[in-house]
Amino acid sequence: MRRADVGRQGFAVAQRLIDIANAVRASADLPRSVAVEILARHGEVPEDLTEAALTDADLRALRDAAVRMSGILAASDTDRAAVVLNEMLAECATAPRLSRHDGHPWHLHVDHHDADWADWFLASSALALAQILTEHGRATWGECAASNCHNFYLGTGPGSPRRYCSTTCASRARVAEHRRRKGEARPRPDGAGTSPAPSPPTSSPSSTDRSGRAGRCH
């Protein structure tokens, strides 16, 4: 049985969503090996990940579901995200129920008993994001702000809202911004953008020699 627990305010399930969505962005066809590794890491049992239990058609449907959820992950407007999550829950979820199986502790299921992989993924992911949104009062997820990265991130920690998928991207962005500012401050070779040098002050003659030329003061 597929696991659909939503513990730690949905963080574990939402992280599974982030991992699969990023995998699809990295490789649009979502290779079986990648999908199986992610699902196993997030608690799926081996018998549910065989080619018979997770068919090629299931993988395609799971990939399409991840693309659909990516639209929510990329949205920065919390109100809009709430509307879309409600629509998805109405479409894919059913009354919540507690379940315990495969050695896992009691956890929450919101997918239909006969749900396929795609509907299971959509229902559990939508509920996880909904729980995070209500817990924090905002969408704590998003797309990495680094210019050369398109990964999604999930931020639920204290402090200012997260903007990058990793410390590596955050550091690179800070370095790039520092270099940009330093480049703007550096004078250009043609002198453009710099203030002209002040003219030397003109001395007023204080005395006149016999030839009529201004003489220096002693």
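How many helices and strands does the secondary structure of the protein come to? And within that layout, which residues does W141 touch?

Modeller: Happy to. The secondary structure comes to 6 helices and 6 strands, where helices (H or I, at least four residues) and strands (E, at least two) are DSSP runs numbered from the N terminus. Along the sequence they follow the pattern α-α-α-α-β-β-α-β-β-α-β-β.

A word on the model: it is predicted, so local features need pLDDT of at least 70 and side-chain atom pairs count only at pLDDT 80 or more, while totals for chains, interfaces and linings use all residues. Residues are numbered from 1 along each chain as its sequence is written, and side-chain values use heavy atoms, leaving out hydrogens and water. The mean pLDDT (the predictor's confidence in each residue, from 0 to 100) is 82, and 75% of the residues reach 70 or more. Over residues 205-218, however, the pLDDT is below 50. Where pLDDT is low, the predicted coordinates should not be read in detail.

Now to your residue. W141 lies in strand 3, residues 141-143. With 3% relative accessibility, W141 counts as buried; that word means under 20% relative accessible area, with exposed over 50% and partly exposed in between (1.4 Å probe, protein chains only). Of the protein's 218 residues, 39% count as buried.

Leaving aside residues up to four places away in sequence, W141 touches I72, L73, A75, A81, L85, L129, I132, L133, Y153 and L154; contact here means heavy atoms within 4.5 Å.

In soluble globular proteins, nonpolar side chains tend to be buried together.

Not counting residues up to four places away in sequence, L129 touches A14, L17, M69, I72, L73, L85 and W141.

Next, look at how two of the contributing helices meet. Helix 3 (residues 56-73) and helix 4 (residues 78-92) pack at an angle of about 150 degrees, their axes 9 Å apart. Axes are lines fitted to C-alpha atoms, for helices over the stretch in contact, and angles run from 0 to 180 degrees between N-to-C directions. The two helices are therefore roughly antiparallel, the term for angles over 145 degrees. From helix 3, R68, M69 and I72 meet A81, V84, L85, M88 and E91 in helix 4. These contact residues divide into 6 nonpolar, no polar and 2 charged.

Note on methods
Parallel < 35°, antiparallel > 145°, perpendicular 65-115°, else oblique. Nonpolar A, V, L, I, M, F, W, Y, C, P; charged D, E, K, R; others polar.
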